[in-house]
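Subject: Structure for you to look at

Hello,

Please find the structure below. My notes on what was found in it follow.

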Amino acid sequence: MTVRIVHRPARISEALEPAPDVVLAPPPPIGEGNTGFPLQSLLPIVGSLSSITMIVLLRNNPIMVVVGAVILVVALVGGLGMALTQRGNAARQRRVQRERYLDYLEETREDVRRTADAQRRRALALHPAPGTLVEIAADPARRWERRPGDADFLRARIGTGDLRAVDVALPPEQNPVQPFDPVMRESAERMVRLAGVAQGMPATVDLERGGHVSIVGERADTLNVARALVAQIAAFHSPDDVHIAAAVAPHHLDDWRGLDLVPHLSSDTPPSGAVAARRLAPTLDDVLSLLSAELRDRVATAAASRRAG
């Protein structure tokens, strides 16, 4: 068996970090536009009282009674007009608030979309389609680029989908007496649900922390996923960092043609009677037999590390 030393340069790509969370500004409460009881609201009341006083005190003077009645009518009409004006002002202010908040949501949605698109492009570069792995394995700058300390070590792509690339949150209501405007709250909640989702985002699985990972489905589909996982491990991870062992029945060897050439299946010392040092066997029991010495050494090393503290 020929051994060729491969030099791994410093990594040129960076692991994908989560995008910063986006916390929306809270919608204005319903009653924010209320002006309370302004001083001008007293004018119709004062005018009405004055007219009534004139009518009572000067009832013997017909002219003053007419003047008092006119003042009373003017005061009542003025009060009604002032009430309608205040109500219109409140509705207009609420409409302006809604327009401004909707404009803010639209601007924020555009920023989130750009961030999600950037995350998707970076994710596709780090987790490319299985068909491009041959080119990556042939590129010295990217071959075996992931090391045990990297955040994406043993993180492999299993497909693509509409996945959240940016988390968007709406702060909860702080004052139950003044709840959010329902129209603006609904718009903000819709943005929380839909914004930040990128189409065609690579879906990945963490093989390092996943423990036992099972692929369930039709054989043709699961076989493609399994082969893609092995190809990604072989392309992005060094044989010094990751070992691969496989149990392949003889009648399925055609499905895994070329697997025995992957250096990650090579063993430093072949088992007794074996010609090639490969972690490849027809049954799981045979694989465990091949790995027994290696697993025993690893258990002893782990126990020594625990004793050393």
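**The largest pocket**

α5 (219–236), β5 (246–247) and α6 (284–307) each supply at least two residues of the lining of the largest pocket. Helices (H or I, at least four residues) and strands (E, at least two) are DSSP runs, numbered from the N terminus. On a 1 Å grid over the protein atoms alone, a pocket is an open set of points where a 1.4 Å probe fits, with protein on both sides within 12 Å along at least five of seven lines, and lining residues have an atom within 4 Å of a point. The volume of the largest pocket is about 1500 Å³, taken as the space filled by probe spheres set on the points, which are joined across faces, edges and corners. Its lining has 35 residues, and Val213, Ile233, His243, Ile244 and Ala245 lie nearest the centre.

**How the model was treated**

This is a predicted model, in which local features need pLDDT of at least 70 and side-chain atom pairs count only at pLDDT 80 or more, while totals for chains, interfaces and linings use all residues. Residues are numbered from 1 along each chain as its sequence is written, and side-chain values use heavy atoms, with hydrogens and water left out.

The mean pLDDT (the predictor's confidence in each residue, from 0 to 100) of the chain is 82, and 76% of its residues reach 70 or more. Residues 32–37 have pLDDT below 50, and this stretch has 3 contacts (heavy atoms within 4.5 Å) beyond near neighbours in sequence.

**The chain**

There are 6 helices and 6 strands in the chain. Of its 309 residues, 29% are buried (under 20% relative accessible area; exposed is over 50%, partly exposed in between, with a 1.4 Å probe and protein chains only).

**Alanine 235**

Alanine 235 belongs to helix α5 and is buried, at 3% relative accessible area. Leaving aside neighbours within four places in sequence, its contacts are Leu133, Ala137, Arg142, Arg143 and Trp144. Arginine 143 is 92 residues away along the chain, yet the C-alpha atoms of arginine 143 and alanine 235 are 5.8 Å apart.

**A ring pair**

The count comes to 1 aromatic pair. Rings of Phe, Tyr and Trp (its six-membered ring) pair if their centres lie within 6.5 Å; planes under 30 degrees apart are stacked, over 60 edge-to-face and the rest tilted. The ring centres of tyrosine 101 and tyrosine 104 are 5.7 Å apart and the planes are at 45 degrees, so this pair is tilted. Tyrosine 101 is buried at 6% relative accessibility, whereas tyrosine 104 is partly exposed at 25%.

Regards
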